[in-house]
Amino acid sequence: MDETAQPLEIDIEAWTPRAAEALYHVPAWGAGFFHVNEAGHVAVRPLGPEGPSIDLLEVIERLRAQHVHPPVLLRFQDLLRTRVQQLNRAFRRAIAETGYANTYRGVYPIKVNQLREVVEEILEAGAPFSFGLECGSKSELLATLPYLDRDDMLLICNGCKDRAMMQLILAGQRLGKKVIPVIERMAEFRLLLEALEDRSLPQAGVPAIFGVRLRLSATGAGLWSESGGETSKFGLSLSELLGLLDRIGDGHSGVSLQLLHFHMGSQIAHLAHIREAVTEAARIYARLRKRGLGITYLDIGGGLGVTYEAGNPDAPGSIDYSLGEYAHTVVATVQQVCEAEGVPPPVLISESGRALTAYHSVFVTEVLDTRSRHYELPAWANGGIHPLLEELRRLYDAAASEPLSATYEQLEAVRQQVNRSFREGALSLEQKAEAEQLYWATCARLCERLPRSSEALETLPENLRQLPTRLADHYLCNFSVFRSLIDHWAIGQHFPIMPIHRLDEPPTRHGILIDLTCDSDGQVSDFVTPVGEKHTLELHPLRPDEPYYLGFFLMGAYQDIMGDQHNLFGRVTEAHVYLDEDEPGNFYIELILPGATVEKELAQVQYYPNDLERRMNRLIQEKVRTGALRPREGVELLELYRRVFRTSTYLEH
Ligand SMILES: *Cc1c(COP(=O)(O)O)cnc(C)c1O
């Protein structure tokens with residue numbers, strides 16, 4: 001370990017687990033579910049801040065005793081239940097406080113996390129609230145329909161539909177279930193009418209119910225805002241809606257518009273935007289009611305945000321409202337519009353996915369190795385005197401006090417000359433090595449003098465600002481960004497990441513995280529921060545023969561479902577952790593879903609063991625025939641090849 005790199009400004013004497021919580025901004029993103037315990041480990045309280053606590057390192061150690069090693073995805077099923085209760089209670093409270101004369105019926109959009117155990121847990125926790133489901137595709141419809149145990153549960157069907165999907169939706173209605181197709185495009189309305197002509201559907205005399213998705217003028221802001229608003233890819237414009245209503249009026253009495261829906265996109269940052277959209281939709285609802293339409297439901301879609309950032313109000317991962325404020329604003333806004341218009345208020349539906357699932361899973365991986373730059377000065381004149389090396393030494397001295405930008409510019413210019421001279425054969429290997437070390441040592445000096453404030457940083461050239469990232473240690477982690485942290489790569493979302501143990505010790509290194517893929521994008525160099533940007537993470541130096549684990553938090557929404565197969569890294573092993581105060585450590589582990597094997601990942605791209613083994617064996621037999629390989633060696637070689645099919649796609653111990 002090279003200890004000369006970038007010391008952190010941390011008061012080692014005053015270091016406590018509380019200091020670690022503050023350093024990694026746990027209170028800002030933890031929502032009362034996460035904290036650092038006295039042992040210096042991250043712990044989760046699945047029932048919220050007053051409830052019992054589970055130590056993450058203990059969970060990992062128990063898994064290791066069962067021969068399950070990180071990377072592993074931990075699901076805290078009780079936390080999922082808590083979120084379902086918190087959401088429903090927030091709406092109940094808002095309804096009681098405002099005297100709203102109707103109810104709330106939430107649905108869970110399964111695209112956020114379709115894992116059966118997640119859906120079943122949400123439904124079980126939601127049963128007292130008649131919580132329902134939302135599907136956005138044919139596969140999701142097939143998965144959700146059989147879960148409508150009670151007739152009062154809603155199944156909202158968004159997304160593009162074909163004839164088979166529409167017929168199945170109507171069949172669900174025939175079964176007495178509240179399966180509501182939401183018309184996204186005019187062509188879908190025609191599909192609905194066609195499906196109705198199939199005489200077996202639905203019950204004679206009972207009109208088929210449907211909803212429409214509105215294309216509102218109000219939009220959100222941030223990374224996900226494209227899915228709302230006038231230019232969104234979904235929804236009917238107001239004139240299309242009026243045209244559709246005219247068609248119903250023209251004698252299509254077999255259908256009944258029961259639901260108005262809108263979806264502003266995910267992670268809406270500002271409550272003001274939500275209020276604006278809800279007001280617009282409520283106004284449309286009220287005006288249609290006044291025209292005599294018996295619309296029952298107003299569905300405000302998803303968008304309820306989660307704070308991933310450390311209270312940074314300008315970051316896309318931040319929101320400016322709480323769950324309670326969200327529910328209150330929605331209920332009060334609809335109430336006001338309905339009162340002003342003199343119409344009865346609708347049943348309110350929301351489709352919160354992210355807010356229900358984000359917290360419940362934690363991804364844990366192990367650091368395999370670290371790499372630091374060497375910043376020590378080389379022994380002087382190692383490679384003999386050369387004018388370029390002398391110039392570099394002068395710049396090294398200048399870096400302590402001379403103007404930052406000018407010194408850095410000269411440094412880069414000399415480095416280019418060094419590289420050119422080397423290519424031309426004018427520098428020895430030793431001289432080139434010495435020049436590189438001088439270059440990095442000078443960079444480290446300049447880096448220490450970089451201003452703290454983001455305003456002052458803005459004025460510096462890009463390369464100079466990037467110095468902390470370029471100088472950071474590389475922590476090689478056993479995971480794939482593309483599989484486990486897809487939104488970090490795809491849309492630049494920041495997730496809370498921190499060591500799950502050794503937090504009673506101050507972290508003394510600055511690092512960036514490198515994954516196993518051969519892709520230069522397979523790294524994490526953006527971290528949550530309350531101000532500006534943060535390109536390195538505070539980490540501990542590795543200790544020999546001791547694992548070092550990092551936790552990635554708020555992983556439950558979208559990440560594990562959307563991850564892809566870059567370099568054929570597969571799904572990671574999952575463990576489902578249940579709270580039980582009678583068990584040691586307050587928990588037991590019920591289910592371990594094994595991660596993908598090499599064999600399974602290969603099958604996804606059409607390679608199968610039989611065929612590959614036959615090919616491998618042919619190569620071996622050729623060498624056996626020529627005598628280059630003894631037959632016994634050949635058998636062993638093939639066996640070695642075979643064994644790897646059944647291993648994890650990640651690195652094993
Ligand atoms: C994705 C989606 C949701 C879920 O949004 P969250 O922001 O995760 O709550 C809800 N409704 C629709 C129509 C969606 O497409």
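## Strands and pairing

Two strands count as paired if DSSP finds at least two bridges between them. In this predicted model, strands β7 and β8 meet that mark, because four bridges join them. β7 covers residues 154-157 and β8 covers residues 178-183. The two run parallel. Within this pair, I156 stands opposite I180 in β8.

## The eight-stranded sheet

β7 and β8 belong to an open sheet of eight strands. Its order is β5-β6-β7-β8-β9-β10-β11-β12, and the pairing is parallel. Which strands form the edges? They are β5 (107-109) and β12 (347-349). Each of these pairs on one side only. Neighbouring strands of the sheet are turned by 30° against each other on average, direction ignored.

## The three-stranded sheet

Another open sheet has three strands, in the order β1-β2-β3. Here the pairing is antiparallel. β1 (34-36) and β3 (54-55) stand at the edges. Each has a single partner strand, so one side of each lacks a neighbour in the sheet.

Strand β2 spans residues 42-44 and pairs with β3 over two bridges. Strands of a sheet can pair either parallel or antiparallel, through backbone hydrogen bonds.

## Domains

The protein is divided into five parts, listed here:

- Domain 1 is 17-75 + 361-371 + 477-596.
- Domain 2 is 107-115 + 127-206.
- Domain 3 is 218-351.
- Domain 4 is 387-467.
- Domain 5 is 599-644.

How many Å separate the centres of domain 2 and domain 4? The value is 64 Å, taken over C-alpha atoms.

## The ligand and its shell

The ligand is surrounded by 17 residues. The closest are K111, S266, E351, G353 and Y558. By type, the shell divides into three nonpolar, nine polar and five charged residues. Domain 2 and domain 3 each give at least three residues to the shell.

## Polar contacts and burial

What lies 2.5 Å from a nitrogen atom of the ligand? It is an N or O atom in the side chain of E351. An oxygen atom of the ligand is 2.9 Å from a polar backbone atom of G303. A polar side-chain atom of Y558 lies 2.7 Å from a ligand oxygen atom. Taken alone, the ligand exposes 390 Å². The protein buries 92% of that area.

Notes. Residues numbered from 1 in each chain as written. Predicted model: local features only at pLDDT ≥ 70, side-chain atom pairs only at ≥ 80, totals over all residues. Heavy atoms only, no water. Near = heavy atom within 4 Å. Polar contact = N/O pair within 3.5 Å; in protein donor to acceptor, adjacent residues only side chain to side chain. Areas by Shrake-Rupley, 256 points an atom, 1.4 Å probe, with all protein chains shown as cover. Nonpolar A, V, L, I, M, F, W, Y, C, P; charged D, E, K, R; others polar. Domains from an automatic or database assignment. Axes fitted to C-alpha atoms, helices over the stretch in contact; angles between N-to-C directions.
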